[in-house]
Amino acid sequence: MKDSLRWSYALNQWNLRLDAFVRHEDQQRALKTVSACGFDHIELASGTGRWDNISRPEVILLNHGSHQGFLDFLRTAKVQGVSSMFWDPQAPAEEEEGYAFRSTANPADSDAIVEWAKPFVDFVAGVGAEQLVVRPVGSAWMSPPLGEDGIKLVGEVWNRIGELTSAAGIGLALHYDCLGAVHTADELRGLLSATDPATVGFALDTAELTVGGIDPVAFYRENAERVTHVHLKDTRYADTGEEYRMPGAEATMLKGGAGRRIERWFFELGTEGGLVDVPAFVAALRENDYPGWVVVESDHGGNPAELAMLNSWYLQRVLGVTK
Amino acid sequence: MSERKIKWSYMDHWRSNGPSGPVDQWHSHKTMSAFLKQVKAVGFDAIDTFDFRIWQMYGDYGGPAKYQEMVQDHGLERIVNTFHAADYDPRNYAPHIPETHENILEDFRVTMGRWSEIELDNIIVMPATLYYDMEPITEDKLKHTAELWNKVGEITAGYGVRLTCHHEFFCGIQSEPDIDTFYSYTDPEVVSLFVDTAQHCIAGLDPVALYNRHAHRVSGFHFKDTHNRATGDDHRHRPDSEIMAPTTGKWFYEMGTDQGLVDFRATMTAVRDNGYTGWISVEHDKANKEGGDYSESTAISRWYAKNVLEEIYR
């Protein structure tokens with residue numbers, strides 16, 4: 001995209017389960033699709049195991065030999081680079097983690113989580129990406145409310161990792177999601193206050209904030225200086241009854257319809273009945289000379305290629321971005 | 001930036017999965033809008049369509065002109081070509097049978113009137129019946145067929161539309177000598193050739209050589225690929241060998257496919273060297289067979305056009 005904003009596309013939509021997105025030719029098809037849609041950078045999402053060969057630093061390097069080898073692989077499809085990589089330390093993983101379930105809310109886990117961050121920091125820096133985007137805390141339904149002190153403990157872990165990312169010359173961006181234990185606007189403000197603005201930024205996801213009941217445009221305007229990364233997608237629904245606290249909310253709310261028969265939460269830009277005011281949000285980014293990446297994301301909304309193409313059309317025809 | 005010599009149109013085969021199951025883009029205004037958005041997003045300039053869609057254009061959109069307005073509202077230039085997919089029948093509609101010609105001519109008089117509210121470049125026909133309805137292919141049959149299309153070409157020319165022939169591998173005129181004989185009897189002023197790269201490959205022809213021989217009367221292309229050539233009696237299966245040939249479950253692939261038989265670099269070089277300017281149509285019909293996906297194939301074909309073919313000629 002030829003624009004003052006920098007646009008990237010998230011590949012997570014293609015990787016729906018462990019063995020679905022493994023063959024290099026399938027990955028090349030996805031990369032060419034993204035490229036044909038006008039995006040020349042991608043965001044990777046962390047995974048685990050030997051099947052996740054585009055999601056796990058050590059497996060990517062085993063497959064492609066080096067950071068440069070991986071970049072060469074992307075460039076075969078005319079994708080020039082990686083904008084960012086998403087990592088959730090709460091997600092179970094083999095490799096170093098050995099399927100240990102840890103949480104940033106548990107001080108006893110802090111050292112291990114900081115250690116686990118290192119391969120991601122090295123990889124993000126190694127491929128010339130800009131941001132390590134992280135899930136700052138686990139799901140709300142899994143633990144009692146954090147409270148102010150709990151949020152501070154979470155912030156301390158990320159401050160330590162922020163020192164690592166800064167030393168590596170990359171950014172660290174805390175990503176809000178609608179199930180997270182940091183849920184309300186005040187809790188989110190608390191987490192931002194508990195972290196060092198010099199080393200820890202905020203990854204604003206327009207749909208996740210909207211589902212969580214936070215207006216992304218207003219929150220961006222209030223916190224523009226902390227926003228170092230953006231995920232742009234739409235939703236037709238908001239959590240209207242503290243559904244994020246449902247036991248097993250990943251399955252019962254996001255995949256199970258939240259008791260309201262909601263079959264799908266996330267939608268392409270321009271969807272009918274979308275709750276995100278995308279033009280207003282992008283206008284706010286432009287007004288603030290937002291310098292980071294804007295990652296367009298489909299996030300398990302439907303057919304990956306179709307959604308990438310619909311998102312590209314919206315950027316070109318509604319937002320006036322030249323491909 | 002200088003004016004492009006080549007623009008890209010998309011031939012509107014499409015399937016997607018909706019809440020009611022698999023549908024094509026004509027299912028609703030919403031699915032049509034999604035189709036047009038996707039085609040535009042990856043850089044196509046226009047679309048081609050089928051003749052039999054004209055009823056949906058009238059019924060769902062108010063006619064070809066109104067439908068074209070919708071196409072244009074999505075950022076595409078226009079409808080470039082229409083494919084006249086006739087249901088050939090030796091009893092009443094068969095180009096090699098002179099007794100059926102008046103019926104065919106009347107069909108085109110009516111058809112061209114229906115399309116006259118928009119500007120088309122080509123009306124594309126399969127110039128012969130299915131192979132099994134025409135064989136044995138004789139010079140007389142080729143001559144009768146040519147006589148028909150000369151007359152049809154005059155009718156379409158009266159509407160400013162070029163008549164152009166598209167040789168499916170299962171139609172009566174698909175071999176190299178039969179194609180050459182057929183064109184020797186047709187008037188280049190009113191009967192053109194529309195080169196479908198995959199169809200010719202499947203029939204065992206070299207599409208580049210065919211194009212070079214007839215370049216002066218080539219009025220368009222379907223750029224698509226195939227992995228297989230027809231063998232045995234692949235071209236003789238009812239109702240349609242594209243679907244029923246026993247050797248091959250999926251004939252067509254998007255440009256850039258691994259193991260593709262079409263040499264697109266050579267084809268594009270020939271397009272350049274013959275000084276062709278105008279539209280190239282991209283097609284990959286039945287792309288969804290055997291796990292394929294129309295959206296992805298469309299994006300990848302346009303990726304290939306941009307990153308490989310436009311490096312040769314644009």
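A: **The contact between chain B and chain A**

Arg29(A) and Glu296(B) form a salt bridge in which the closest N and O atoms are 2.7 Å apart; the term denotes a side-chain nitrogen of Lys or Arg within 4 Å of a carboxyl oxygen of Asp or Glu. The model is a predicted one, in which local features need pLDDT of at least 70 and side-chain atom pairs count only at pLDDT 80 or more, whereas totals for chains, interfaces and linings use all residues. Residues are numbered from 1 along each chain as its sequence is written, chains are lettered from A and ligands numbered from 1 in the order in which they are written, and side-chain values use heavy atoms, with hydrogens and water left out.

Over all chains, the rule gives 41 salt bridges. Between chain B and chain A the count is 2, and the pair of Glu296(B) with Arg29(A) is a salt bridge across this boundary. Because Glu296(B) lies in helix H12 of chain B and Arg29(A) in helix H1 (residues 24-36) of chain A, the pair joins two chains. Side chains of opposite charge can pair when their charged atoms come close.

On the side of chain B that touches chain A, the elements giving two or more residues are helix H1 (29-41), helix H3 (64-73) and helix H12 (294-309) of chain B. Helices (H or I, at least four residues) and strands (E, at least two) are DSSP runs, numbered from the N terminus. H12(B) supplies the largest share of this side, 8 residues. By residue type, this side of chain B has 6 nonpolar, 10 polar and 7 charged residues; here Ala, Val, Leu, Ile, Met, Phe, Trp, Tyr, Cys and Pro count as nonpolar, Asp, Glu, Lys and Arg as charged, and the others, Gly among them, as polar.

The interface can also be described as a whole. In it, 23 residues of chain B are in contact (heavy atoms within 4.5 Å) with 21 residues of chain A. The area buried between the chains is about 1900 Å², and carbon and sulfur atoms give 58% of it; buried area is the accessible area (1.4 Å probe) that two parts lose on being put together, summed over both.

As for confidence, the predictor gives the complex an ipTM of 0.94 and a pTM of 0.96. Chain B averages a pLDDT (the predictor's confidence in each residue, from 0 to 100) of 96, and 99% of its residues score at least 70.

A record gives the wider setting. An unreviewed UniProt entry places "domain: Xylose isomerase-like TIM barrel" at residues 37-296 of chain B; UniProt positions are given in the numbering used here, feature names are shortened, and annotations may be inferred rather than shown by experiment. That span of chain B is 39% helix and 15% strand, and its end C-alpha atoms lie 14 Å apart.
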